[in-house]
Amino acid sequence: MAAASDRTAAPSTLAERIAGDLHAFDESRLTPALIDKAKLCVLDFLACALEARDRPWSVQAIAAASGGSGLSRDSAGSAAAPQRLATILGTPYVVGSADAAFANAVLGHGLVRDDMHLGSVSHLGCVVLPALLARAESERVSGRHLLTAIVVGYEAGGKLGRAVLDVEVARIFRPTGITGPFAAAAGVAKLLGLDAPRFAVALELAANLAAGYNEWATTGGSEMFFHPGFAARNALMAVDLAAAGAYASPTALEGNAGLLAAFGKRESPNSRDWQPLPQEAAPGAMPFSGRAEILEAFFKEVPACNFAQTAAQAAREIATRDAPPAESMTRVGVRVPYAAARYPGCDYAGPFTQVLQAKMSIHYNVAAALCTGNFDERNYEPARQPEIARVARLVSLEVDDALTRAFPAKQGAAVDVELNDGRRLSARRESVTPASDELVRARFALAANEVLGIQACRAALAFIDGLEAEADAGALARLVRVAKPK
């Protein structure tokens, strides 16, 4: 059977072309904008992971990843320890890198506040970053090389998602479950310096790992939190198999029974637009075409579903501007793009028994913003928020044609509130407002101070701020490891 190295030099299949371009994207093409955005992605991921450390699904993931084989910091360097070790963030556990990637991905997704890439409808950071940090801890790579791998991971996941995801696919299949393995495999293959043929095999194997369904969105099932964990862990295996010489179908993406065909996208215009990068590409130029996908990712203000973000922001505008009493509201109308209205769990008025039901529901998010004027995590405890649940039942969701035409370049929403005195309060936003860079940094500082302490928080922040100059990027994960309780 042919090995990866037996392939012809000229790339011909889609995976081979993608791998060739991503392999060629080196550190010299990093621009200040790409570096700054990648560092913010790291801060946002770590903030979410540290703050979510005590959530039930996080505790379960940590237990599954560390139980029986977890090593404390004191024993991590012993002769009996496995060779590839990595930290479960915000804990004293040092475990196998695949287990750490799984747990950290669950933690990073544990608030549903992690970064969002609209074009792929995916959370890329919570898969790409835990996989990369886990392997960076056992491989000595520079901070600049890690930043390059981060950009490559987002690029691969963003482009795949644009080719595959639409409203109908996302009704059933979890977008991050499709794009995540591919994105993380690309990033790790770049981090480890796989040659172009083996890079292609890693992508081909990752294409076989697309998984995850959206039944959780209405039931509140916790599998949603575990999807990024499965993706990150499986991506590491795909890369390791490729590095060991595994052979995979060269046409795993575009073949008659490949990934694009599985989702009915074999003739997708976006898939045909994947063209090779020009030989004389300018610094910062990305594979295929267009703006770097990592620059298209945004950070959430609201710790909830992407499709609820803009409507919640419009509702908060009404709450802060007009301060309508919750008991005076008689009807709330919300207009959103078609994709938002049709995404599983978004058009749901209750009852709310699980946290995820609240975080997915546009009705609940709008009601929470109207009732509180904020996006506090405490709003998403439905059993303790009867007034929010009552107002959520007043919400009706409609598809707005103009907002639909503007999506996904823009993600708009409009909210109209009718009061018992006859007044009507309205707010409309043409697109989502991302969390500012300052808010991302502040949330990291708040979570890191709480979990790590002030000095360790400052050390981690300084490390990330200067990441492009660091010689050992793996030290970052060690900076967010806590001491074992005495």
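Two strands count as paired if DSSP finds at least two bridges between them. Helices (H or I, at least four residues) and strands (E, at least two) are DSSP runs, numbered from the N terminus. This is a predicted model, in which local features need pLDDT of at least 70, side-chain atom pairs count only at pLDDT 80 or more, and totals for chains, interfaces and linings use all residues. Residues are numbered from 1 along each chain as its sequence is written, and side-chain values use heavy atoms, with hydrogens and water left out.

Let me begin with the sheet. Its four strands form an open arrangement in the order β6-β5-β7-β8, with mixed pairing. At the edges are β6 (395–399) and β8 (424–429), each pairing on one side only. Within the sheet, β5 (residues 329–336) and β7 (residues 413–419) run antiparallel and are joined by six bridges. Which residue in β7 is the bridge partner of Val 334? The partner is Val 415.

Helix α18 (residues 362–372) lies across β5, β6 and β7, where contact means heavy atoms within 4.5 Å. This helix runs at about 125° to β5; axes are lines fitted to C-alpha atoms, for helices over the stretch in contact, and angles run from 0 to 180 degrees between N-to-C directions.

I turn now to the helix pair. The axes of α4 (residues 97–108) and α11 (residues 223–243) come within 7 Å and cross at roughly 155°. The two helices are therefore roughly antiparallel to each other, a term for angles over 145 degrees. Among the residues in contact, Phe 102 and Ala 105 belong to α4, and Phe 226 and Leu 236 to α11.

Terms used:
Parallel < 35°, antiparallel > 145°, perpendicular 65-115°, else oblique.
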